[in-house]
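User: I am new to reading protein models, and I would like to learn how to take one feature after another and say carefully what it shows. Could we work through an example together?

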Amino acid sequence: MLNVLKVRIYPNKQQKIALSRNLGCARFVWNYYLNKTNSQYQETGKGMTYCQMAKDLTKLKKLSDYEWLAESTAATLQQALKNLESAFKNFFEKRANFPRFKTKHKKQSLRYPESCSIKKGGLKLPKIGIVKAKITRQITGKIKSVTLSKTSTDKYFACLLFETEDNATSGATPGRFPRLGKAHQEINKSKISGIDLGLSSLVTVFDGEKTYSIDPIKPTRKYAKRLRRRQQALSRKAKGSSNRKKAIYRVAKVHEKISNTRADFLHKLSRKLCDENQIVVAENLNIKGLARTKLAKSIYDAGFGMLLNFLGYKLEREGGLLIEVDRFFPSTKLCSCCNFKNDLLTLSIRDWVCPQCQTHHDRDENAAKNLRQEGLRILLENTAGQSEFQACGETVRLVNTCIKKQVSVNQESPVTASA
Ligand SMILES: [Zn+2]
């Protein structure tokens, strides 16, 4: 099983120079071949494959104008080409936008596909040497690749991709749960919660007995004033001045603060949910669609997608399961007592009384109850181990291949940070 650990690294002055050269070379190769593929496509109607680009790169490196490319590790440049090829593939298969040119002013990254190891408590990188690193967990397996990134606030991180034998050896709390069997009793015994995601309360949890909800934090709102001030200060600086550079850095700092606050909160929340449950049932929200509405800012601030992602891999690592129920399942409209479907329910109604059985429902609590019920039904009707199946005409995805799937789609950063 593949596992990822993101660690912060602290290169010294010389290493920083070497790294920025390496990042620059990888960026150049990406941009050069993106441009070349585009122009070739316009002329001939066909883009370049990885093999063609790699062959061309070997020739390019021999030209006197491009000798400096040899300073960088050859494998990282080839990896940049592989990333470019998969970026095009993702575009043609409608998973991503058209690949863009990279700039040195934003987050930059680089992938070492081989020869990295952990030595003397640091991370050994080819041609760079041992870089001081804060390795928070013991890595038992062989390191397959390292993705190095530099943020716009000059922080360096490394994502270590390594292989472990099975679930039991990979997590911080090894094998907390026994593997889920098919037997009904086993499913009934394990702890299952339904969670409803919302904006007024971020998650409403129903664990079979009681419900509770957790309020969202709104980091974008919290730091809005600071961000506005610093952006205003930036707008007053003359173009190309060193004061402008400093102001850009200060703006980037606020953005970093916002995303760190959000990620920290969501890591803690998903950890709590994962500790309390073996199976979590959630709605599969159409986040891209929601983000096109008036509520976009709040949706991004809430970080639903991030939460489900964190929850998915944390549960999987410990033998649990995240079940995503199809978004067309009417979790809010059904009465959790008698299954009456209340079509009159609108977004603004926070609580309602079921006309059939007279039960008083809180909107979110009712939805959480329905989701749990639906999750149980899916579990009992389908054999464990299948990753995709049909349930009552609604496709339901069991997110147990979370990590592998991300590796294939996004070559650059295999999985988001793990904590
Ligand atoms: Zn009812």
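User: How many nonpolar, polar and charged residues does the lining of the second largest pocket have?

Analyst: Please keep in mind that this is a predicted model. Rolling a probe the size of a water molecule over the atoms shows where empty space is left. In this case, the lining of the second largest pocket has 12 nonpolar, seven polar and seven charged residues, and the space in that pocket comes to about 820 Å³. Of the 26 residues that line the second largest pocket, the closest to its centre are Glu283, Leu285, Thr332, Leu347 and Arg363.

User: Which residues coordinate the zinc ion, and what is the geometry of its site?

Analyst: Ideal angles at a metal are 109.5 degrees for four tetrahedral donors. Here the zinc ion is coordinated by the SG atoms of Cys335, Cys338, Cys354 and Cys357, at 2.2 to 2.3 Å, and its site is tetrahedral, with angles of 108 to 112° among the four donor atoms. Along the chain, the donors of the zinc ion follow the spacing C-x2-C-x15-C-x2-C. Cysteine 335 lies in the loop between strand E12 (321–325) and strand E13 (351–353), while cysteine 357 lies in the loop between E13 and strand E14 (360–362), so the pair ties together parts that are 22 residues apart in sequence.

User: Is cysteine 335 buried or exposed, and why does cysteine 357 count as partly exposed?

Analyst: Cysteine 335 is buried, because its relative accessible area is 0%, whereas cysteine 357 counts as partly exposed because its relative accessibility is 30%. Across the protein, buried residues make up 45% of the 419 residues.

User: Where is tyrosine 156 placed, and which residues does tyrosine 156 touch?

Analyst: Tyrosine 156 is in strand E7 (residues 156–163), and because its relative accessibility is 6%, tyrosine 156 counts as buried. Leaving aside residues up to four places away in sequence, tyrosine 156 touches Val7, Arg8, Ile9, Pro11, Lys16, Leu19, Ser149 and Lys150. The C-alpha atoms of tyrosine 156 and lysine 107 are separated by 9.9 Å, with the two residues 49 residues apart along the chain.

User: What share of the contacts between residues at least 6 apart in sequence join residues at least 24 apart?

Analyst: In this protein, that share is 67%.

Note on methods. Residues are numbered from 1 along each chain as its sequence is written. This is a predicted model: local features need pLDDT of at least 70, side-chain atom pairs count only at pLDDT 80 or more; totals for chains, interfaces and linings use all residues. Side-chain values use heavy atoms; hydrogens and water are left out. Helices (H or I, at least four residues) and strands (E, at least two) are DSSP runs, numbered from the N terminus. Buried means under 20% relative accessible area, exposed over 50%, partly exposed in between (1.4 Å probe, protein chains only). Contact means heavy atoms within 4.5 Å. Donors are N, O and S atoms within 2.8 Å of the metal (3.2 Å for Na, K and Ca); water is not among the atoms, so sites may look incomplete. Four donors count as tetrahedral if all angles lie between 85 and 135 degrees; four count as square planar and six as octahedral if opposite donors are over 155 degrees apart and all others between 65 and 115; anything else is irregular. On a 1 Å grid over the protein atoms alone, a cavity is a set of points where a 1.4 Å probe fits but cannot get out, and a pocket is an open set with protein on both sides within 12 Å along at least five of seven lines; lining residues have an atom within 4 Å of a point. Grid points are joined across faces, edges and corners, and a volume is the space filled by probe spheres set on the points. Ala, Val, Leu, Ile, Met, Phe, Trp, Tyr, Cys and Pro count as nonpolar, Asp, Glu, Lys and Arg as charged, and the others, Gly among them, as polar.
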